[in-house]
Amino acid sequence: MTVTMPASATQSSSQPVAITCTALSKFYGGKPAVQDVHLEVKPGELLSLLGPSGCGKTTTLRCVAGFEIPDAGSIHIGAQDVTKVPAENRKVGMVFQNYALFPNLSVAGNVGFGLRVAGWNKQKLEARVGELLEIVGLVGYDKRNVTTLSGGQRQRVALARALAPNPRVLLLDEPLSALDAKIRVELRTELRRLQLTLGVTTLLVTHDQEEAMSMSDRVVVMNQGRIEQIGTPRDLYATPATPFVASFVGEMNTVTLEPVGNSSFKVSGQTVTLPNLEVGRYGVRPEAITLEPNPSQGLRGVVELVTYLGADQQVILRVGGDTWIARVPNDLVFTRGQTVGLEIAAGAWLRLS
Amino acid sequence: MNVGSVNIGSMLRRGILGALLLYLLTPIALTLVYSFAKNWSTLLPDGYTLEAWGKLFGDPIFWQSTGRSLIMAASAVALSIFFLVPTLFAITLYAPKLASLLEFFSLWPFVFPGVILAVGLIQIFSNPPLAISGTPWLLIPAVTVVVMPFAYRAVSNAFESINVRELAEAGRSLGSSDLQILAWVIFPSVLPGVLSGGVLALSAAFGEFSLAQLIVGSAWQTLPYYQYLTNSQDGHRSAAISVLAFGIAWGLGTLALQLGRGSRTVTAV
Ligand SMILES: Nc1ncnc2c1ncn2[C@@H]1O[C@H](COP(=O)(O)OP(=O)(O)O)[C@@H](O)[C@H]1O
Ligand SMILES: [Mg+2]
């Protein structure tokens, strides 16, 4: 399904504004859920909060929405300090993981709810609801009971409902997590295209790194209530700032280089020469490794498992006491127990803090 | 033997079920027969007649009492729902920890007999400024309290079928006040479930006797009180009322099941 835009919808009624969180902290029973979070969602940008379950993403989003009052720090939407403004006065659009549609209302009733609250007259309200149903691809569904819709359709209704009153910013809490894999990927693209067209500032919460990487202008990686790194998807993948980001965003082999002397280091129990590197923790992406069937020097490993992945293959290797993962082209066939060399270009060793 | 034990098991089950049905249905069946009986001193009645039923339906007081019982029961249940829905809404949103306390209080009418409540109420409301003892204005609130445990169950079950908190948050983010959400979303969403569960409360209110006898008695006669008076004059007519009451309860139960089915399809995800 493709996004169709009525002419009027492409011009949002106001200029996009930023969301700024400054030194945000929230505690539950003395335990920090969010700690000293500084972030800015730039006007018109889609920023994702990415991290494992329980790392404080939802709490951060709920502070922005006004459902939680932070214990410290402040939140601005545009120039307005909204830290203590009640949720109903913040003019933010919110989409929940489980849709939170009003079960007693029709599709049109749901989409028009915010307009009804705002006292729009019937004619204007109906026109705006029609416009939104067109945007989310649900023309003709006005009178349907929301409980008869599929998950994907429900989330479209929820999105239309959130966008109808022209919110200043859009907040999405795991909006695609309850959907089937196929619908999820479809809706991901659609959501992003819609966001770009409307130009609405959007804060998206997700635990799915693929989702965050594919949809966002920038990604905030969170861990245990704190921000690990903020950057474009490209930055995070190419130059992860911490071991956590390195392993959470994409796959990463992480190792420690121990000193031996003269550009020689001990890696996974083997001594190798690596010019231009220092002692410390490094990461190597699986696809940055080339496997050499007839190794002469460098790291050696024993093939433990080969997984055919269609376009390429994943090879799991035992190197000393460590397990390494390599992702290599399909043209070479590796067998279990075979000894191979691991060739890694100097630039592929990513320094982790 | 496996097969043998299964047979014995199913026979035993059928036997127990049969005995239970017999135990439950015999009094009703006999009451029904008695309501048609002419004179019943030997094993079987001497003959059958519609006299008791005719007298019952011909008595304007009967119709008046039935109407009053219905009004009283419906008002009491409506009142309890009217109080409970906003209360549970507020507790869910603002003080979820108090939910168990509320549930505990809702059970009090089970613990303290209606007589205690009635006597207390009569003492307070027999004198000015609020001398409403002996009127339905005191009976209906009193019955409302007594049916609270049933109504509480109904409302709280209906609340569990929707995510009140999340719906309220969705509403707030759309600019609505909690009162608007209560009126436009929560109340209409829980109503089918509440009504289905509330039929039990309706049934309990309809049959309420001790409060009716003590608070209003003959001054505002309800059906159970009418039956109580009839019992001493004409056992056959009293039996007819019993059968009728059973029929009404049966009908209400069926209605409850149907409403419940309806509400499930409405709230199903
Ligand atoms: N209402 C709450 N009461 C107590 N603890 C909470 C509450 N909400 C969240 N937490 C805790 O705060 C931490 C962060 O939660 P959350 O923001 O929901 O994480 P995420 O959305 O990243 O999975 C978790 O440890 C969670 O258990
Ligand atoms: Mg979450």
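Which residues in helix 3 of chain B meet which residues in helix 8 of chain B? I will answer that first and then go through the rest of the model.

Some housekeeping before that. This is a predicted model, in which local features need pLDDT of at least 70 and side-chain atom pairs count only at pLDDT 80 or more, while totals for chains, interfaces and linings use all residues. Residues are numbered from 1 along each chain as its sequence is written, chains are lettered from A and ligands numbered from 1 in the order in which they are written, and side-chain values use heavy atoms, with hydrogens and water left out.

Helices in chain B. From helix 3, the residues are B:Ser80, B:Leu84, B:Val85, B:Leu88, B:Phe89 and B:Thr92; from helix 8 of chain B they are B:Met148, B:Ala151, B:Tyr152, B:Val155, B:Ser156 and B:Phe159. Contact here means heavy atoms within 4.5 Å. The residues of this contact divide into 9 nonpolar, 3 polar and no charged. For that count, Ala, Val, Leu, Ile, Met, Phe, Trp, Tyr, Cys and Pro are nonpolar, Asp, Glu, Lys and Arg are charged, and the others, Gly among them, are polar.

Helix 3 covers residues 60-94 and helix 8 covers residues 148-160 of chain B; they pack at about 50°, with axes 10 Å apart. Helices (H or I, at least four residues) and strands (E, at least two) are DSSP runs, numbered from the N terminus. Axes are lines fitted to C-alpha atoms, for helices over the stretch in contact, and angles run from 0 to 180 degrees between N-to-C directions. Helix 3 and helix 8 of chain B are therefore oblique to each other. On this scale, angles under 35 degrees are roughly parallel, over 145 roughly antiparallel, 65 to 115 roughly perpendicular, and the rest oblique.

Next, helix 9 of chain B. Its axis and that of helix 3 of chain B come within 9 Å and cross at roughly 80°, so the two helices are roughly perpendicular. B:Phe89, B:Thr92, B:Leu93 and B:Tyr94 of helix 3 meet B:Val164, B:Arg165, B:Ala168 and B:Arg172 of helix 9. That contact holds 5 nonpolar, 1 polar and 2 charged residues.

Helix 3 of chain B also packs against helix 12 of chain B, residues 223-233, at an angle of about 145° and with axes 7 Å apart. B:Ile61, B:Phe62, B:Ser65, B:Thr66 and B:Ser69 come from helix 3, and B:Leu223, B:Pro224 and B:Tyr226 from helix 12. Here the division is 5 nonpolar, 3 polar and no charged.

Two single residues. B:Ser176 lies in the loop between helix 9 (164-173) and helix 10 (178-206) of chain B. Is B:Ser176 buried or exposed? B:Ser176 is buried, because its relative accessible area is 0%; buried means under 20%, exposed over 50%, and partly exposed in between (1.4 Å probe, protein chains only). Not counting residues up to four places away in sequence, B:Ser176 touches A:Glu88, A:Phe113, A:Val117, B:Gly171 and B:Ile181.

B:Val199 sits in helix 10 of chain B and is buried, at 7%. Beyond four places in sequence, B:Val199 is in contact with B:Leu252, B:Gly253, B:Ala256 and B:Leu259.

Now the sheets of chain A. An open sheet of 5 strands has the order 13-12-11-14-20, with antiparallel pairing. Strand 13 (270-273) and strand 20 (350-351) each have a single partner strand, so one side of each is left without a neighbour in the sheet. Two strands pair if DSSP finds at least two bridges between them. In chain A, 5 bridges join strand 11 (residues 253-261) to strand 14 (residues 280-284), and A:Thr254 stands opposite A:Gly283.

Another open sheet of chain A, also antiparallel, has 5 strands in the order 15-19-16-17-18. Its edge strands are strand 15 (289-292) and strand 18 (322-328). Neighbouring strands of this sheet are turned by 45° against each other on average, direction ignored.

Strand 19 of chain A, residues 339-344, is joined to strand 15 by 4 bridges. A:Glu292 stands opposite A:Gly341, and A:Ile289 opposite A:Ile344. Strand 16 of chain A, residues 299-308, is joined to strand 19 by 4 bridges, with A:Leu299 opposite A:Leu342.
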